[in-house]
Each structure stands twice: as structure tokens, then as C-alpha cells.
Amino acid sequence: MGLAYNVYLNSNRIYGCKSCKTHLSNHDDIISRNFRGQHGKAYLFNSVVNITQAEASERNMTTGRHVVRDINCRQCKETVGWKYDKAYESSEKYKEGKYILEAELVGVKFDATHNRAERRDSFTNLIRDPD
């Protein structure tokens with residue numbers, strides 16, 4: 001097997017691993033901010049990069065039964081959220097193939113053109129991230 005290279009995202013707001021700052025997703029890939037994880041606030045993303053996926057398992061969640069798999073940062077191996085593989089309720093099918101990143105486990109980086117100088121090129125906890 002060859003070397004695994006990280007994907008570097010180019011966006012005004014990049015969500016990354018809180019532990020090692022590896023890029024995970026960008027702001028434009030957020031589908032919903034109205035989710036809760038084990039550690040509190042969480043966001044549903046359309047796509048995520050630089051992760052590894054654990055084995056799938058069935059879990060009973062607030063919105064019903066789902067087949068999910070934990071996702072880990074490829075760089076430091078920390079758990080950052082989960083992926084929805086299957087939803088049993090028809091109203092929850094939109095989650096299939098989508099990713100949850102938990103706010104407590106990831107941070108957001110603003111690029112150098114962002115208008116808030118105090119946040120320029122720094123990772124901050126998503127809970128303090130302005131909407």
C-alpha cells in the first residue's frame with residue numbers, strides 16, 4: 001500500500017480535528033446545524049476528508065434506529081464523529097451517506113481574508129463559532 005496524503009481544503013471556513021488541526025470539511029458542506037452528539041452540539045456534513053471509518057453497527061438514536069460507523073481523524077486517530085450508513089425510518093433517509101462532526105471534537109479555521117482579525121489563521125472551538 002502506498003503513502004496516504006492528507007487533502008488540504010481551500011475555503012473561508014475549514015473544519016478540522018481539534019487535536020491535530022487536520023482538515024476535515026469546509027463550511028459549504030454543512031447540511032444542518034441542528035444535531036446532538038455524545039458531547040453536545042453536532043453538525044451534519046455532506047462530505048468529509050482525511051478520515052478513517054470504523055466497522056458499521058446498529059445504534060438506537062434519538063431519531064430512531066440507524067446503521068452508523070464512527071469516523072476518526074486519519075492523522076491522529078481521534079474520533080471526530082460518525083457516518084450514517086442506513087436509516088430505517090423513511091423520514092431519516094436523507095442522512096444516509098452523510099457525516100456528523102461533533103463540535104467538541106473539531107475546530108474551525110478562518111482563512112487570512114476573513115474579516116475578524118482575532119480569528120485569522122487560528123482554530124477555535126465550534127461552540128464559539130459565529131453563525
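This is a predicted model: local features need pLDDT of at least 70, side-chain atom pairs count only at pLDDT 80 or more; totals for chains, interfaces and linings use all residues.

Reader: What share of the residues is buried?

Author: Of the 131 residues in the protein chain, 44% are buried. The accessible surface comes to about 7,500 Å², and carbon and sulfur atoms account for 43% of that surface.

Reader: How do I read a strand and its partners?

Author: Start with a general idea: side chains in a regular strand alternate between the two faces of the sheet. Now take strand E4, residues 40–45.

Reader: Which strands pair with E4?

Author: E3 pairs with E4 in the antiparallel sense over 5 bridges, and a hairpin of 2 residues joins E3 to E4. Within this pair, Ile-30 stands opposite Phe-45 in E4. Strand E9, residues 99–102, also pairs with E4 in the antiparallel sense, over 4 bridges. There, Ala-42 has Glu-102 in E9 as its bridge partner.

Reader: Is E4 mostly covered or mostly open?

Author: E4 is mostly covered, with 5 of its 6 residues buried.

Reader: How is a pocket found?

Author: A probe the size of a water molecule is rolled over the atoms, and this shows where empty space is left. In this model, the largest pocket has a volume of about 330 Å³.

Reader: Which residues lie nearest the centre of the largest pocket?

Author: Arg-36, Gly-37, Met-61, Trp-82 and Tyr-84 do, out of 18 lining residues. Strands E3 (30–37), E6 (57–61) and E8 (79–87) each supply at least two residues of the lining. By class, the lining has 4 nonpolar, 9 polar and 5 charged residues.

Reader: What should I look for in the loops?

Author: Look at the backbone angle phi. Lys-21 has a positive phi of about 75° although it is not a glycine, and Lys-21 is found in the loop between strand E1 (13–17) and strand E2 (23–26). Lys-77 also has a positive phi of about 75° without being a glycine; its place is the loop between strand E7 (64–73) and E8.

Reader: Why is Lys-77 classed as exposed?

Author: Lys-77 has a relative accessible area of 55%, and exposed means over 50%. Lys-21, at 41%, is partly exposed.

Methods: Residues are numbered from 1 along each chain as its sequence is written. Side-chain values use heavy atoms; hydrogens and water are left out. On a 1 Å grid over the protein atoms alone, a cavity is a set of points where a 1.4 Å probe fits but cannot get out, and a pocket is an open set with protein on both sides within 12 Å along at least five of seven lines; lining residues have an atom within 4 Å of a point. Grid points are joined across faces, edges and corners, and a volume is the space filled by probe spheres set on the points. Ala, Val, Leu, Ile, Met, Phe, Trp, Tyr, Cys and Pro count as nonpolar, Asp, Glu, Lys and Arg as charged, and the others, Gly among them, as polar. Buried means under 20% relative accessible area, exposed over 50%, partly exposed in between (1.4 Å probe, protein chains only). Two strands pair if DSSP finds at least two bridges between them. Accessible areas come from the Shrake-Rupley method with a 1.4 Å probe; for residues, only the protein chains shown count as cover.
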